[in-house]
Amino acid sequence: MKTTILAVLAIVATSSVEAFAPSSQTFSLASTSSSSSSLFSTVDDKTEVREYFNSEGFNRWNKIYSESDDVNSVQMDIRTGHDQTIQKILNWIKDDGDIEGKSVCDCGCGVGSLAIPLASMGAKISASDISDAMATEASRRATEMGIKNAKFYTSDLESVTGKYDTVTCVDVAIHYPSEKMGEMVQHLCSLADDRLIISFAPKTWYYVFLKKIGELFPGPSKTTRAYLHEESFVREELKKAGFEVAREEMTATNFYFSRLLEAKKKV
Ligand code: SAH
């Protein structure tokens, strides 16, 4: 037991900046705490997230979400975990076998890791990201693959409008403070005619512990501000919006943790 904890400490200490996967911002922890109001802290978060994913974060995540060899072992571990999450979603959709011609809205699409394969399966994709660099790269990758049934644009997810058969929001909630999570889930549900597929880093004692340890050892570019979410809270919000969880998955590698829920609108 002692050895395991030491090993975990050693790993997290050397790589806290990368831990908890989709975050890895160069944020200072101080700004998430008490003093600012929820609105201001969210505005700060959004500005920082946008700036990060338009600059240093774009370079880092564009590499992680690719086949580039220019990644370290932690980044490779995160790539593996994220690939597993994407594959689990694609498997659900393949099993259903009815995505062709359906509309899918992918919020926080990154470089198109989910949107592009869904477009290849025949879905009509409307995908957006708060970062112009990410959305532009997604569009470039789609064009390179000759995909025509996908539109990519720059937008924060709160500003996305319309109605879609399926709404997806994968590994984005890690950027949302808990007090904004309910609103986020409600908004995503309001866009979905049939289902919402959402993932988040779950708030369990073990991950909270790991995160705390990581924060004790800020890496070369400061530490990570990542938000974990109570699963029961997310489920409650889905229920409030008239959705019920139909399928679920958990993906965990050494540095990537993601709970995945598919929620169907009750008829
Ligand atoms: N869903 C993608 C990308 C995950 S990385 C995938 O699984 O491959 C997280 C992405 O969320 C980043 O591209 C970031 O720019 C985006 N993001 C963070 N906050 C956002 C917000 N409020 N609105 C839209 N996108 C956001």
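**View 1. Strands β4 and β5 of the predicted model.** Strand β4 (residues 164-169) and strand β5 (residues 192-200) run parallel and are joined by five bridges. Tyr 164 has Ala 192 of β5 opposite. Helices (H or I, at least four residues) and strands (E, at least two) are DSSP runs, numbered from the N terminus. Two strands pair if DSSP finds at least two bridges between them. Residue numbers start from 1 along each chain as its sequence is written. Because the model is predicted, local features need pLDDT of at least 70 and side-chain atom pairs count only at pLDDT 80 or more, while totals for chains, interfaces and linings use all residues.

**View 2. The open sheet of seven strands.** The strand order is β3-β2-β1-β4-β5-β7-β6, and the pairing is mixed. The edges are taken by β3 (150-154) and β6 (243-252); each has a single partner strand, so one side of each lacks a neighbour in the sheet. From one strand to the next, the twist averages 15°.

**View 3. Strand β7 and its two partners.** With β5, β7 pairs in the antiparallel sense over six bridges. Ser 199 has Leu 260 in β7 as its bridge partner. β6 also runs antiparallel to β7, and nine bridges join the two. Here Glu 249 has Leu 260 in β7 as its bridge partner. The hairpin from β6 to β7 passes through four residues.

**View 4. Helices lying across the sheet.** Helix α6 (residues 132-144) lies across β2 (124-129) and β3, at about 160° to β3. α9 lies across β5, β6 and β7 (257-265), at about 155° to β6. Axes are lines fitted to C-alpha atoms, for helices over the stretch in contact, and angles run from 0 to 180 degrees between N-to-C directions. Residues are in contact if their C-beta atoms, placed from the backbone, lie within 7 Å.

**View 5. Packing of helix α7 on helix α9.** Helix α7 (residues 178-191) packs on helix α9 (residues 231-240) at an angle of about 40°, with the axes 9 Å apart. This makes α7 oblique to α9 (under 35 degrees counts as roughly parallel, over 145 as roughly antiparallel, 65 to 115 as roughly perpendicular and the rest as oblique). From α7, Met 181, Gly 182, Val 185, Gln 186 and Cys 189 meet Phe 233, Val 234, Glu 237 and Leu 238 of α9. The residues of this contact are six nonpolar, two polar and one charged. Ala, Val, Leu, Ile, Met, Phe, Trp, Tyr, Cys and Pro count as nonpolar, Asp, Glu, Lys and Arg as charged, and the others, Gly among them, as polar.

**View 6. The shell around the ligand.** The ligand is surrounded by 21 residues, the closest being Phe 53, Gly 108, Gly 110, Ser 113 and Ile 130 (C-beta atom, placed from the backbone, within 6 Å). Helix α2 (residues 38-54) supplies the largest share of the shell, three residues. By class, the shell holds 12 nonpolar, five polar and four charged residues.

Key: Two residues are in contact if their C-beta atoms, placed from the backbone, lie within 7 Å.
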